Amino acid sequence: RSTKKYFHNLNSNFGSRYVAWLAIDQFALSGGVMTLLYGTGLPLFQQLGIDAARTQLYTTLIMSPYALKPFVGVASDLIAIRGYHKRYFALGSIFFGLVGCASLLGIYQNGAQQLAVEAGYDSVRRLADFIVLCFTAMNMTGATLDILGESKYSELMRERPGSGSSIITFKFAVSLAGGILTRTYVGPLADKGRFHILFWIALGMILAPVFPTAKGWIPELKRRSDELGMNRICCNLALFDIGKFSGKRVPFIVIALSGLAAPLNAAVSTYGNLAVGLGFSALVFIGLASTTFVIFPRVFFRITLGLMLMSTSRIKLGSALNYYYTADEACVPDGPNFSYTYYITVTGIVGSIINLLAILVYQTFISSWKFRPALAFTILVGSLASLVDVIVINRWNVAMGIPDHIFFLLGQAVFENLVNILHAVPMSALSAKLAPPGMESAVFSYSVGIGTYCFLLS
């Protein structure tokens, strides 16, 4: 009965077609494509002989579209393509993802990766750089659809204060369901080197939201050129809301520029000097905090600064230790020596199930809490997460008679995933409720973009 009531309230507050669109997007893109790319990157780059440090930098670059959300948010708030603020931005991003995925299929169907390996290190580096570009294009699709969906439910949540955080827990639950399904086949196929099959599956998932998006399942009114403040641009194909921009010019410019932080930082660290990248990261962090203080209301600044400090203080060792955990016996004697099937599929599925349980716990017990104790609980649990890696590396678990497979599964899969979801849900709800009218996409994407930047920085 409570489940039926939950979905009834969800549909009545947000509309059944929008809820369906959000489910397709989250299942196929956020849960499917993003999980597939994150899981495929490790074995793919290992097979090409890319070292661990560069793979970690590549991962940061691949994830940078999620920090580019402020650009998309500002553009979709101000520009209406053929009268719509969201529909054609979504379709355009899907096109970029399809191009990236089709390019990968061309490489792996024709054996170009093997030719690059035979040609030497320089050819491998060029191929790896191109693969990163394709992965980034595919993630740009997921990031764009994500912020467009988030800005819409932010708008609807503000109009319906009694809706609570139900749409956010729904979003995360569907995304996790897509991630669980994706992880069941990524590990086994990666162990066999069948990357082309993974990219065919990714192509289908990128195509999944095309029909509902083209049919207007994202609710929005069509804008007209005779509306006050609307100017025609781009050969009359789009409208620019000069009235909205003029009234909030500085915040819009600042939010748009903030989207440069993560991709610039990733590019400097990957293709330049790491020390310069660290210095640049510190300057960007201070700059974002200072700009938020000057431009936005104090309550928004305090919440954003708290988000930045929480994200950067949670130093994540997982991506840095991927090679250690998956190295064979010859490379790391008496090490964990995990297979991709175990490391990507088994631990990923267990972690996703823990996430789903965490969402149920949050929705049932914690959603009625005030934000402060909810976040304090997240910080407390998060402080234990990195201990798992420390114990495994020092082999203390083996000394205690606990095998790596069991200790890592019960430790890393539980703590890391539990902390991530318990942190994400209240912060998403808080950011959604703070977005002012007319700037939902821009302000929400600013919060998410800064959070993503700090996540990648840590």
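Asp 241 and Arg 223 form a salt bridge, with their closest N and O atoms 3.7 Å apart. By salt bridge I mean a side-chain nitrogen of Lys or Arg within 4 Å of a carboxyl oxygen of Asp or Glu. Asp 241 sits in strand β3 and Arg 223 in the loop between α10 (210-214) and β2, so this pair ties together parts that are 18 residues apart in sequence. Asp 241 is buried, at a relative accessible area of 7%, and Arg 223 is buried at 18%. Buried means under 20% relative accessible area, exposed over 50%, and partly exposed in between, using a 1.4 Å probe and protein chains only.

Some ground rules. This is a predicted model, in which local features need pLDDT of at least 70 and side-chain atom pairs count only at pLDDT 80 or more, while totals for chains, interfaces and linings use all residues. Residues are numbered from 1 along each chain as its sequence is written, and side-chain values use heavy atoms, with hydrogens and water left out. Helices (H or I, at least four residues) and strands (E, at least two) are DSSP runs, numbered from the N terminus.

How many salt bridges does a search of the whole structure find? It finds eight. One of them joins the side chains of Lys 69 and Glu 150, at 3.3 Å from N to O. That pair links distant parts of the chain, with Lys 69 in helix α4 and Glu 150 in helix α7 (residues 121-159), 81 residues apart. Both Lys 69 and Glu 150 are buried.

Lys 171 forms a salt bridge with Asp 146, where the closest N and O atoms are 3.7 Å apart. Lys 171 belongs to helix α8 (residues 166-191) and Asp 146 to helix α7, so the pair ties together parts 25 residues apart in sequence. Lys 171 counts as buried at 4% relative accessibility, and Asp 146 does too, at 6%.

Now back to β3 and its sheet. The sheet is open, with three strands in the order β1-β3-β2 and antiparallel pairing; two strands pair if DSSP finds at least two bridges between them. β1 (79-81) and β2 (230-233) stand at the edges with a single partner strand each, so one side of each is left without a neighbour in the sheet. Between β2 and β3 (residues 238-241) there are four bridges.

Last, helix α5 (residues 87-109). Among its buried residues are Phe 89, Ile 94, Leu 104 and Tyr 108. Just after α5, Gly 111 takes a positive phi of about 75 degrees.
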